Amino acid sequence: MRDSLWDRRSVLAGAGALSFAGTVPAVAQGADVGVGAFRTMPLWPGKPPGGARVTATENRVERQPATADGNYIVEHVRQPTLTMLKPAKPNGAAVLLIPGGGYRFVSMGNEGFPVARRFAEAGYTCFILLYRLPADGWSAGADVPLQDAQRAVRMIRSLAPREGFDPQRIGVVGFSAGGHLAAWLATRDVREIAAPVDAIDRLPASVTAAAFVYPVITLRDPVAHKGSREQLLGADATPARVAAYSLEENVMATPPPAVLVHALDDPAVPYQNSLLMAEALRARKGAVEVHLLESGGHGFGLGTTKSAVANWPELVAGFLGRHGV
């Protein structure tokens, strides 16, 4: 079943990519990379914006078991990046993967590299975002992860002509706090956080469809993930600030199609977060699909040892394919 679905997703519509006016900006240039190899690119030209007050040292922490691609988290991100993986049989679409980590770190080894390999099997050109974290003193404050996510979509769009995918077929898949960031990016009207630094920043930051996997959505008690809320807003956030960053609020008038995946026994981010997002999207008459799984806990990633959650990538790929990605 899995192989047949993956083969079918690899050839879904997408033969003709839309044209992209202009050349790829300099920050997106570089030597080509072969199929099956990861290539990491800086997200910003030079230093990322707003770092004058940042003193924390970026820290990579290895985890077990070790894997060929790397199993690690990154704390205090100073240099955000995009890591690209090209598929053997492109389907003409790209997907931005946003790992979680409670806005305290970015889990590249669990929700980055292995997920990219799985979606590349389905034909997607995959991009993993290593994003800056809100408690490190960046001038954008709580908005700094969104600044990086917007930049990532724009940079992916700039790479479309060279990498051979349609710039109008870009999806986003986010996990846990990365699911909060993905929903923030996908379901709210684009808000410019800083002045553009180059031509890439003038490209659209919208996505065609989205997937939120065990996502943090609300920052309100009793179902908030308190760790994400504290990292994002601090320990004493006002009710107005909590509401402003609770993503069931202020959904755009026409949100992109979205699919949500959550385990009913999630002990960290209650499944009601996904239900709140689904209801908010339905209130805007958006296309939405929800998969509440019997078990799996939190942070299951590919769920290779948890049978109840093992097929979520097929569910997500099927939804994205039906909605243009």
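What volume does the largest pocket have? In this predicted model, the largest pocket comes out at about 290 Å³. Its lining takes in 16 residues, and those closest to the centre are Gly109, Asn110, Pro114, Leu302 and Thr304. Two helices show up clearly here: helix H2 (108-111) and helix H3 (113-121) each bring at least two residues to the lining. Sorted by class, the lining of this pocket holds 5 nonpolar, 9 polar and 2 charged residues.

The second largest pocket has a volume of about 250 Å³. A set of 19 residues lines this second pocket, with Arg63, Phe105, Ser107, Asn110 and Glu111 nearest the centre. At least two lining residues come from each of E3, E6 and H2. Which of the elements gives the most to this lining? That is H2, with 3 residues. The class count for the second largest pocket is 5 nonpolar, 12 polar and 2 charged.

Rolling a probe the size of a water molecule over the atoms shows where empty space is left. How many cavities of 30 Å³ or more does a search of the whole structure find? The search turns up 1, and the space inside the largest cavity is about 90 Å³. Around the largest cavity sit 13 lining residues, and Trp44, Gln147, Arg154, Ala194 and Asp201 are the ones nearest its centre. The lining splits into 7 nonpolar, 2 polar and 4 charged residues.

Now to the sheets. One of them is an open sheet of 8 strands, running in the order E1-E4-E7-E5-E8-E9-E10-E11 with mixed pairing. At its edges lie strand E1 (38-42) and strand E11 (288-293), each of which pairs on one side only. Going from one strand to the next, the twist averages 20 degrees. Within this sheet, strand E4 (residues 81-85) and strand E7 (residues 125-130) run antiparallel to each other and pair over 5 bridges. To pick out this pairing by eye, look for Thr81, which stands opposite Leu130 in E7.

Another open sheet has 3 strands, in the order E2-E3-E6, and its pairing is antiparallel. Here the edge strands are strand E2 (59-62) and strand E6 (105-107), each pairing on one side only. The average twist from one strand to the next is 20 degrees. E2 is joined to strand E3 (residues 72-75) by 4 bridges in the antiparallel sense. Asn59, for one, has Glu75 in E3 as its bridge partner. Two strands of this sheet, E3 and E6, also take part in the second largest pocket, where each supplies at least two lining residues.

On the helical side, two packed helices are described by the angle between their axes and the distance between the axes. How do the axes of helix H4 (residues 144-163) and helix H5 (residues 177-187) cross, and within what distance do they come? The two axes come within 10 Å and cross at roughly 60 degrees, and the crossing is right-handed. From H4, the contact uses Pro145, Leu146, Ala149, Gln150 and Val153, while H5 puts in Leu181, Trp184 and Leu185. These contact residues are 7 nonpolar and 1 polar, with no charged residue in the set. H4 also spans Gln147 and Arg154 (it covers residues 144-163), and both of these are among the residues nearest the centre of the largest cavity.

Which residues are joined by cis peptide bonds, and where do they sit? Asp221 and Pro222 are joined by another, with omega at about 10 degrees. Pro222 is part of the loop between strand E9 (209-213) and helix H6 (226-233). Ser176 is worth a look too: although not a glycine, it has a positive phi, near 55 degrees. This serine, Ser176, sits in the loop between strand E8 (170-175) and H5.

Key: Residues numbered from 1 in each chain as written. Predicted model: local features only at pLDDT ≥ 70, side-chain atom pairs only at ≥ 80, totals over all residues. Heavy atoms only, no water. 1 Å grid on protein atoms, 1.4 Å probe; cavity = no way out; pocket = protein on both sides within 12 Å on 5 of 7 lines; lining within 4 Å. Points joined across faces, edges and corners; volume = space filled by probe spheres on them. Nonpolar A, V, L, I, M, F, W, Y, C, P; charged D, E, K, R; others polar. Pairing = 2+ DSSP bridges. Axes fitted to C-alpha atoms, helices over the stretch in contact; angles between N-to-C directions. Left-handed = near helix turned anticlockwise from the far one by under 90°. Contact = heavy atoms within 4.5 Å.
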